[in-house]
Amino acid sequence: MMPSLFHCIALLLALFTTLAYAVHPVEVRGQDFVDTVTGKRVMVIGVDYQPGGQGAYKPQSGADALSNGTVCLRDAALLQRLGINTIRVYNVDPTIDHNECASIFNAVGIYMIIDVNSPLPGESINRADPGSSYTTDYLTRVFGIVENFKGFPNTLAFFSANEVMNEIGNVGRNPQYIRAVQRDLKNYIAKHSTRTIPVGYSAADVREILEDTWSYLQCAIDGDDKDATRSDFFGLNSYSWCGDGATYQTAGYDVLVSMFQNSSIPVLFSEYGCNKPENVARVFNEVTALYGPDMTSLSGGLVYEYSQEESDFGLVNINENTTVTLRKDYDNLQGQYNKLDLSLIQSTNASATQINPPECSAQPSATTGFSAFTIPKLPDGGDDLINNGIDNPTQGKLVPVTETNVPMAAYGSTGEQIQNLAIRPLETTSPSGTGSPAPTPSKKGGGSMLTTSGCGVAVAMFVTVLMIL
Ligand SMILES: *[C@@H]1O[C@H](CO)[C@@H](O)[C@H](O)[C@H]1NC(C)=O
Ligand SMILES: *[C@@H]1O[C@H](CO)[C@@H](O)[C@H](O)[C@H]1NC(C)=O
Ligand SMILES: *[C@@H]1O[C@H](CO)[C@@H](O)[C@H](O)[C@H]1NC(C)=O
Ligand SMILES: *[C@@H]1O[C@H](CO)[C@@H](O)[C@H](O)[C@H]1NC(C)=O
């Protein structure tokens with residue numbers, strides 16, 4: 001049967017959108033993340049993505065969590081099916097190509113929050129001696145991450161540091177260095193990126209220093225709201241909601257809400273999902289609370305973590321033969337996401353987006369060491385890096401996503417194979433509606449459309465015209 005003209009036009013449009021589709025960049029307004037195109041609030045519905053665990057990151061190996069497009073295709077399909085809109089990726093190599101993975105996640109509407117550091121020596125601020133680790137080599141690494149990820153519209157934000165202050169006793173001069181790194185990242189982004197990308201800190205849940213840490217990082221020195229050393233947002237690694245019986249009160253979420261209610265920057269859970277009691281699938285009742293009416297002053301969170309690793313927090317098992325088996329945790333989390341009220345999650349609150357930062361002089365706590373606002377100067381040579389950019393950066397950019405079908409098998413939590421596992425580009429992911437098992441794809445990606453439709457020649461010409469333009 002000859003394809004109708006209408007059929008051809010529909011295919012052309014579909015292909016065009018496949019090539020052109022990009023999530024809308026997000027920016028910070030007051031305490032909300034906001035979609036810069038629709039003006040709607042972006043609540044982070046996310047998962048920490050660290051297949052292979054921390055140990056999987058080896059520099060100079062040419063590989064990291066976002067380097068293998070086939071692996072990303074598999075995981076993006078399962079994460080889209082789960083119903084998320086964001087991943088956090090901890091350890092990435094600024095010198096390698098992440099285009100395929102970033103483009104796949106973009107195609108399914110998943111943002112990325114990228115840590116600029118890694119646990120390796122020289123690749124993060126050393127909490128025991130921050131001054132010695134704040135060097136131009138270190139800055140070259142973190143600016144390399146900016147160069148690598150600034151070109152992806154789905155780069156939601158960067159973490160300047162993770163859990164540097166993790167005990168009451170070790171605060172020391174670390175807070176000042178975190179503000180210094182944030183300043184440098186923000187100045188670099190302002191100079192070398194066409195859009196602003198938020199920069200924030202991810203804090204350990206040490207309640208004794210939590211409020212001080214947040215106060216210290218959100219405030220404006222001398223009341224200057226352009227103060228580049230401030231955090232643009234604040235992440236809390238939160239593990240206080242444990243087990244089936246926990247509640248909003250017993251988990252202390254009520255305390256967090258009163259602490260952060262009037263935050264001048266977005267606050268999100270950069271990790272959550274307590275795994276106690278052990279050896280029982282997590283039920284994730286905290287999801288209802290986190291995205292419910294009592295917690296709209298927070299911006300959602302990221303469940304720790306996608307894959308089962310030594311620390312026993314996985315939503316899925318990645319098998320040695322590269323197949324994936326879902327764990328019951330995945331099903332439970334998907335069930336929770338499917339109950340969310342999207343209109344509540346996306347609604348904006350005008351006063352929340354207009355909160356001004358408090359002035360730092362008002363900030364307390366000589367006891368925890370958070371009172372010093374003399375921010376370290378750039379190391380020698382740092383100015384050059386910011387003004388001229390780093391040498392030979394690897395700059396990422398979106399590439400067409402042509403393969404949508406996942407080549408390896410995935411199995412449900414009861415062992416049955418998931419049929420026709422594929423990413424579904426173009427659709428915006430939302431918790432409700434993506435929770436059902438992936439339907440048989442009704443359309444295929446751009447590449448296969450060319451061969452399966454009688455419109456091939458027309459499409460090819462159209463693509464050529466696009467490329468010339
Ligand atoms: C990507 O991962 C798959 C599955 O583990 C593997 O078969 C393939 O060789 C990897 N590709 C590259 C370029 O490393
Ligand atoms: C937050 O602001 C509201 C309105 O201005 C005020 O009623 C409330 O007490 C404030 N909460 C905190 C914890 O400061
Ligand atoms: C891959 O490994 C998993 C877990 O060991 C097993 O259940 C599955 O059958 C294997 N699949 C293939 C295609 O070999
Ligand atoms: C709007 O945001 C402000 C500041 O966070 C908060 O005090 C207030 O309760 C919010 N209003 C609603 C209806 O959520």
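In the hairpin of β1 and β2, which has two residues between the strands, Gly30 adopts a positive phi near 55 degrees; strands here are DSSP E runs of at least two residues and helices are H or I runs of at least four, numbered from the N terminus. This is a predicted model, in which local features need pLDDT of at least 70 and side-chain atom pairs count only at pLDDT 80 or more, while totals for chains, interfaces and linings use all residues. Residues are numbered from 1 along each chain as its sequence is written, chains are lettered from A and ligands numbered from 1 in the order in which they are written, and side-chain values use heavy atoms, with hydrogens and water left out.

**Hairpin**
- Strand β1 (residues 26-29) pairs with β2 in the antiparallel sense over four bridges, where pairing requires at least two DSSP bridges, and Val28 has Phe33 in β2 as its bridge partner.
- Strand β2 (residues 32-35) is covered on both faces, with Asp32 and Val34 buried on one side and Phe33 and Asp35 buried on the other; buried means under 20% relative accessible area (1.4 Å probe, protein chains only).

**Helix α5**
- Because eleven of its 14 residues are buried, α5 is largely enclosed by the rest of the structure, and the buried residues include Tyr138, Arg141 and Glu147.
- Elements that cover these buried residues include β5 (111-115), β6 (155-162) and α12 (382-388), contact being heavy atoms within 4.5 Å.

**Ligand 2**
- Ser258, Gln261 and Asn262 are the residues around ligand 2, each having a heavy atom within 4 Å of it.

Methods:
Buried means under 20% relative accessible area, exposed over 50%, partly exposed in between (1.4 Å probe, protein chains only).
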